[in-house]
Amino acid sequence: MSKLDRRTFGNLLGRGTAAAALLGGIPLACAMSGKKDHSKKLGVALVGLGGYSTYQLAPALEDTEHCYLAGIVTGTPAKESVWARKYNIPQESIYNYENFDTIAKNKNIDIVYVVLPNSMHAEFSIRAAKAGKHVICEKPMAISVEECDAIIAACKQANVKLGMGYRLHSEPYTKEVKRFVREKTFGELKEISADAAYVSRGNPDQWRLNRALSGGGALMNMGVYAIQSIIYGSGMNPVAVTAQEYSTRPEYFKDTDETITAQLELPTGVRAEIMTSHNKRANRLYASCENGWFELDPASTYIPLAGRTSKGPLTFPQESQQKLQMDDFARHILKGTTNVAPGEMGKRDMIIVEAIYRSIAEGNKRIDLDLGTMGIVN
Ligand code: NAD
């Protein structure tokens, strides 16, 4: 601490409560020790310390207003001390997959955030609910509708909140699209399409290409974004789907789908088009309406999204989507605000995913859906 800083602190200390006000409400003990004051925040435990937790969620939790990183659950002992040091996590808030259930006794953990391969989401979300913790479950919610039902039931029974890791519902460009739809800014929807794809070139043994761990390929991973785009871009759930699949690198995509196209019939008769792939580059939502159009491109990357409409470009300040998402969920718990991405939304998307796979398996058959307004949150 510099001399000037010390003097300033000395003066502040002498002035008691005025000092606390000057420090933005941060208790002096915290301000002086350099530790953050977490007393009014919800503690989050991340389960699975892979790429998404390491590079997106943990850094975002440094900036969240209503929650903070309070614990970790990992199957890799070497990560424990690294994370403990970096994020100031006490030993008693570090768990592995076996002793995870003892998290029930940890008063500092309010929310368990499941960031594991898809086939493990149901098990850990249910164990978290049984431990009495609120749950955030990454996308896709699980690898079957049956598993989604089990997660929802476990959270209901334990009386804990359940949110999906659908960060876009807290993101300003997406929220603007939802506003266009709600207010019919461009009139009745005439045409809508969404693509979500990237080229996978990594290790062919990665879990995303292993059906047992991922539940499926591009559709499970990126397809969920395309489905979501159609729904919030139209404000409607589809009433039927027809789908097609093809592969141009079958030697790499041995176990999971590479490219899928699908037509989602909306209740107004509009036929929405989606494309998802692990072997193409695309990330776009486009909607044409009777009085204009809107577009997001990219529509589902982390940052920055970009958008334009027939009236001109869209411009919003960039903030971590994960920060916005986790604060929205914490506010839902603390203040009873809307759960912008509830479990029901994750289940609805899994119903559509299963219908698309079924359409393909049954020779591109049209599959009826009966979703009503399930999972639509505006
Ligand atoms: P990753 O491969 O980087 O990390 C997976 C983690 O799970 C690793 O820490 C690994 O050690 C652990 N793990 C435990 N058991 C495993 C097993 N049997 N096989 C493989 N890994 C195992 O994956 P990720 O990118 O962090 O994705 C994790 C989850 O987060 C997925 O469900 C993914 O869909 C989701 N995700 C969401 C977003 C988003 O924008 N919302 C972005 C990336 C990932």
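Guide: What follows describes that core and then the chain around it. The model is a predicted one.

The largest nonpolar core has 84 residues. I151, I192, I274 and I356 are those with the most contacts inside this core. Among the secondary structure elements, helix α10, which spans residues 218–234, gives the most to the core, with ten residues. Domain 1 (3–30 + 38–165) and domain 2 (169–318 + 342–368) each supply residues to the core, so it lies between them.

Leaving aside residues up to four places away in sequence, I274 touches A194, D195, A226, I227, I230, I260, T261, A262, L264 and I356. I356, one of these partners, is also on the list of residues with the most contacts inside the core.

As for the chain as a whole, it has twelve helices and 15 strands. Of its 378 residues, 54% count as buried. Among contacts between residues at least 6 apart in sequence, 68% join residues at least 24 apart. The accessible surface comes to about 17000 Å², and carbon and sulfur atoms account for 51% of that surface. Along the principal axes, the C-alpha atoms fill a box of roughly 75 × 50 × 40 Å. A compact globule with 378 residues would have a radius of gyration near 21 Å, and the chain's 22 Å agrees with this.

How values were computed
Residues are numbered from 1 along each chain as its sequence is written. This is a predicted model: local features need pLDDT of at least 70, side-chain atom pairs count only at pLDDT 80 or more; totals for chains, interfaces and linings use all residues. Side-chain values use heavy atoms; hydrogens and water are left out. A nonpolar core is a set of buried Ala, Val, Leu, Ile, Met, Phe, Trp, Tyr and Cys residues joined through side-chain atoms within 4.5 Å. Buried means under 20% relative accessible area, exposed over 50%, partly exposed in between (1.4 Å probe, protein chains only). Helices (H or I, at least four residues) and strands (E, at least two) are DSSP runs, numbered from the N terminus. Domain bounds come from an automatic or database domain assignment. Contact means heavy atoms within 4.5 Å. The radius of gyration is taken over C-alpha atoms; the globule rule is 2.2 Å times the number of residues to the power 0.38. Accessible areas come from the Shrake-Rupley method with a 1.4 Å probe; for residues, only the protein chains shown count as cover.
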